[in-house]
Amino acid sequence: MSVRTKLNGRVLTAYLEGEIDHHSAKIMRETIDREINAASPQMLVLDFKDVSFMDSSGIGLVMGRYKELKKCDGEMHIVNTAANITKVMKLAGLERLAKIGR
Amino acid sequence: MKSLNNFTMTVGSNSVNESFVRVAVAAFVSSLDPTVDEICDIKTAVSEAVTNCIVHAYKDTIGKIFVSCDILENRVISVKIRDRGCGIENIKKAMEPLFTTGGSERAGLGFAVMESFMDSVTVRSKPAKGTTVILKKKLSYRAGNNG
């Protein structure tokens, strides 16, 4: 479980990898927040292509980053979520905070 | 209901064991040939229950988490997750969506996920004694499996 980030102009993309639970969310959170603080991006793209599992700790991770992003007026997009991950996100109503799509 | 098969295990409340317990339960129930969706639902619910033990029950300490999984008749699986931690003062409140005492990184959706992904969630708790969560789900019948 890890996260890679890429900054392109003012778009920060975080490629999440592995399983997101309370244990793994901490390191992902720290990495993404460091990049948000350094770049103040206009947009944060969270790419879930390589995430195989997520519980409600992933919801906390997304909501927490949304709050961080609002400090610099950024927007959030969530992309490439597998069906089981979309299901957890919908339960939490995350589509109200971020665009969820391809 | 009669138990057809059972496994029990005890793990420390180290957060690295969140994945270990959900994978162990998933492997055990795989003998029933569940669908991918059913396996995902069970793993997610188990992960929530174990995380509660780690984040809440044994907040500032490492304790033991007792897991017992039964395969019951008619393709019903039952997972019991018990701790001897701090207990829950007000179970009804703890189960309300978005209620959390876990700080800003916790969504407060653990019980909501368990209730949504399983058929039944039973919680028993005594402050300073511990909490028991029982998750049950009936698996679908699929062509080719023998129940």
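Some ground rules. Residues are numbered from 1 along each chain as its sequence is written, and chains are lettered from A in the order in which they are written. In this predicted model, local features need pLDDT of at least 70, side-chain atom pairs count only at pLDDT 80 or more, totals for chains, interfaces and linings use all residues, and side-chain values use heavy atoms, with hydrogens and water left out.

Start with the interface. On chain A, 22 residues are in contact with 24 residues of chain B. Contact here means heavy atoms within 4.5 Å. The buried area is about 1800 Å², and carbon and sulfur atoms give 56% of that. Buried area is the accessible area (1.4 Å probe) that two parts lose on being put together, summed over both.

Take R65(A) and E105(B): they form a salt bridge, with the closest N and O atoms 2.9 Å apart.

Which elements of chain A give two or more residues to the side that touches chain B? They are α1 (22–39), β3 (43–54), α2 (56–70) and α3 (83–92). Helices (H or I, at least four residues) and strands (E, at least two) are DSSP runs, numbered from the N terminus. The largest share, nine residues, comes from α2(A). By class, that side of chain A has eight nonpolar, seven polar and seven charged residues. Nonpolar covers Ala, Val, Leu, Ile, Met, Phe, Trp, Tyr, Cys and Pro; charged covers Asp, Glu, Lys and Arg; the others, Gly among them, are polar.

Stay with α2(A). Of its 15 residues, 11 are buried, so the helix is largely enclosed by the rest of the structure. Buried means under 20% relative accessible area, exposed over 50%, partly exposed in between (1.4 Å probe, protein chains only).

Most residues other than glycine have a negative phi. D73(A) has a positive phi, near 60°. It lies in the loop between α2 and β4 (75–79) of chain A. R75(B) also has a positive phi near 60°. Its loop runs between β2 (64–72) and β3 (76–83) of chain B. Buried or exposed? D73(A) is exposed, at 67% relative accessibility. R75(B) is buried, at 1%.

Technical notes
A salt bridge is a side-chain nitrogen of Lys or Arg within 4 Å of a carboxyl oxygen of Asp or Glu.
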